[in-house]
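Dear colleague,

I am handing over the structure below for your records. My findings follow directly after it.

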Amino acid sequence: MEEIIALGSARSLAANSWVPASIKSRLAEHPEPEVRCALAANATDEPSGLLARLADDPDPLVRSFLAMNEHLPTELMTRLAEDPDSTLRAWLPRHGRNAPEAVRRALFTDTDPGVRQAAVAHWSPPLALLPALLADPLTRVGAARRSHPTSELARDPDPRVRGAVAAHPDLPAALRDMLAEDPDVLVRNEIACRADTPPDLRERLAATLTTEDPAEAFLLSHRNHRCPSPGPAPSTLTHEQAEALLARAGL
């Protein structure tokens, strides 16, 4: 039990940015990877070189948590983009909002398809790379979301590609009307859910959005869900009211 408490305390310390630099250095050498993971996800580079040490951690999970760190400098992001662990490289697009162009290009052209898929799902690729991403069956769906809608993509044999075209914000009316006749119910649903779909077309499509496939039925239900309009904001509490509420909650 004492070991569990000690581990929990170390993990809590590692997750806090206010921890002194000398303690962070010791946590970076902690034998338990989960402590180093917590440190990698949250630490600033104090003492200097701490993040670089974590980038060299032998455990790929620690390096993956480092990829989520908002304080990660460009040079370390570049190093992680070349990390031998493909799962780690796929983390970078999910969290690297400020990734430099060189890092983005490296991941758009990564040898691992999962990394390329993650890159195109979270970043807009340069125009020069779009043809190759569209030609790759593994990244074609994601690239279609980033491309200007074309009749070729609207006729793609993969319904996921056609669905991406149907959901594109710049879909021309001619392609919208064509996809309204698509054999795939989920593609038609995308057209029905568009704000620019005429009411008469939406009503006609609604009558066709039925399926006996449980997976499709679930997706239709999910995609047709609309959150209720937000209610009025609550009034600001006084200090006394806030204290009374906390007391009632036993806090």
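A search of the whole structure finds one aromatic pair (rings of Phe, Tyr and Trp, taking the six-membered ring of Trp, with centres within 6.5 Å). Phe-108 and Trp-123 make up this pair, with 6.1 Å from centre to centre and 75° between the planes; the arrangement is edge-to-face (planes over 60 degrees apart; under 30 counts as stacked, the rest as tilted). The pair links distant parts of the chain, 15 residues apart: Phe-108 lies in helix H8 (residues 101-108), and Trp-123 in the loop between helix H9 (113-122) and helix H10 (130-135). Helices here are DSSP runs of H or I with at least four residues, numbered from the N terminus. Phe-108 counts as buried because its relative accessibility is 3%, and Trp-123 counts as buried because its value is 4%. Buried means under 20% relative accessible area, exposed over 50%, and partly exposed in between (1.4 Å probe, protein chains only).

Please note that this is a predicted model, in which local features need pLDDT of at least 70 and side-chain atom pairs count only at pLDDT 80 or more, while totals for chains, interfaces and linings use all residues. Residues are numbered from 1 along each chain as its sequence is written, and side-chain values use heavy atoms, with hydrogens and water left out.

Helix H7 (residues 86-95) has Leu-88, Arg-89, Ala-90, Leu-92 and Pro-93 as its buried residues. Their cover includes helix H5 (60-67), helix H6 (74-80), H8 and H9, where contact means heavy atoms within 4.5 Å. At the start of H7, the backbone nitrogen of Thr-87 has a side-chain oxygen of Asp-85 within 3.2 Å.

Leaving aside neighbours within four places in sequence, the residues in contact with Leu-179 include Ala-154, Val-165, Val-187 and Ile-191.

The structure holds zero disulfides (pairs of cysteine sulfur atoms within 2.5 Å). Cys-37 is buried, at 4% relative accessible area, whereas Cys-193 is partly exposed, at 26%. Cys-193 lies 9.6 Å from Ala-206, C-alpha to C-alpha, and the two are 13 residues apart in sequence. Ala-206 belongs to helix H16 (residues 199-206) and, at 47% relative accessibility, is partly exposed.

With kind regards

How values were computed:
Helices (H or I, at least four residues) and strands (E, at least two) are DSSP runs, numbered from the N terminus. A polar contact is a pair of N or O atoms within 3.5 Å; within protein, one must be able to donate a hydrogen and the other to accept it, and residues adjacent in sequence count only if both atoms are side-chain atoms.
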